[in-house]
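Dear colleague,

Here is the structure I said I would pass on. Please open it first, then read the notes below it.

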Amino acid sequence: ISSLIVSLLGILLGLWLAKNISKPVLQLREAAGKVENGDLDQSLILKSKDEIGDLFVAFNSMVSQLNLTTNELVEQKDLVEEKNKSMTDSISYAKRIQEAILPSIDTISESFNDSFVMYMPKDIVSGDFYWKK
C-alpha cells in the first residue's frame, strides 16, 4: 500500500511539475523561437506571480521594446532613402549642367586640328575641368 501511495504521489508531483513548470517554459521557448524568426507579435499571458511569471513579464517587455526599435529603424531607413534619392537627383542635375557647359566634340574639332575630349567622371559628375581660349 505504501508503494502505491508513493507511486501515486510521484505521478501527481510529475503532473503538477508538467503543468506549472514545463508547460510555461515550453510556451516561452516557442514564443522566443517565433521572435527569433521575425514574428514580433508575441505576447505571453501572465498566469502566476512566481519566477516563471517574472520571465513572462520580462519577455513581453523585451518584445515590446524590440517592436519600438524596429519601427524606429524602419522610419530612419525611409528617411535615409529619401535623402539619398534627393542627393542623387541633385547630382544628376549637376551632371546635365556640366555636360551642357562642355563644348561638343565637333566644336573642338573645328577649332583645333589635333584635339580630343576626355570626359571621365568617377561616379556621376566630373571634377574640375579647364580649357584655354
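**What was found**

Of the contacts (heavy atoms within 4.5 Å) in the protein between residues at least 6 apart in sequence, 53% join residues at least 24 apart. This is a predicted model, in which local features need pLDDT of at least 70, side-chain atom pairs count only at pLDDT 80 or more, and totals for chains, interfaces and linings use all residues. Residues are numbered from 1 along each chain as its sequence is written, and side-chain values use heavy atoms, with hydrogens and water left out.

The protein has three helices and zero strands; these are DSSP runs, H or I of at least four residues for helices and E of at least two for strands, numbered from the N terminus. The C-alpha atoms fill a box of roughly 120 × 25 × 15 Å along the principal axes. Of the 133 residues, 11% are buried, meaning under 20% relative accessible area with a 1.4 Å probe, protein chains only.

The largest nonpolar core has nine residues, including Leu28, Leu44, Phe56 and Phe59. Such a core is a set of buried Ala, Val, Leu, Ile, Met, Phe, Trp, Tyr and Cys residues joined through side-chain atoms within 4.5 Å. Both α1 (2–36) and α2 (51–101) supply at least two residues of this core, and α2 gives the largest share, four residues.

Beyond its neighbours within four places in sequence, Phe56 touches Pro24, Gln27, Leu28, Leu44, Ile45 and Leu46. Where α1 meets α2, the residues in contact include Ala31 and Val35 in α1, and Ile52 and Val63 in α2.

Regards

Technical notes:
Buried < 20%, exposed > 50% of the residue type's maximum accessible area, 1.4 Å probe, protein only.
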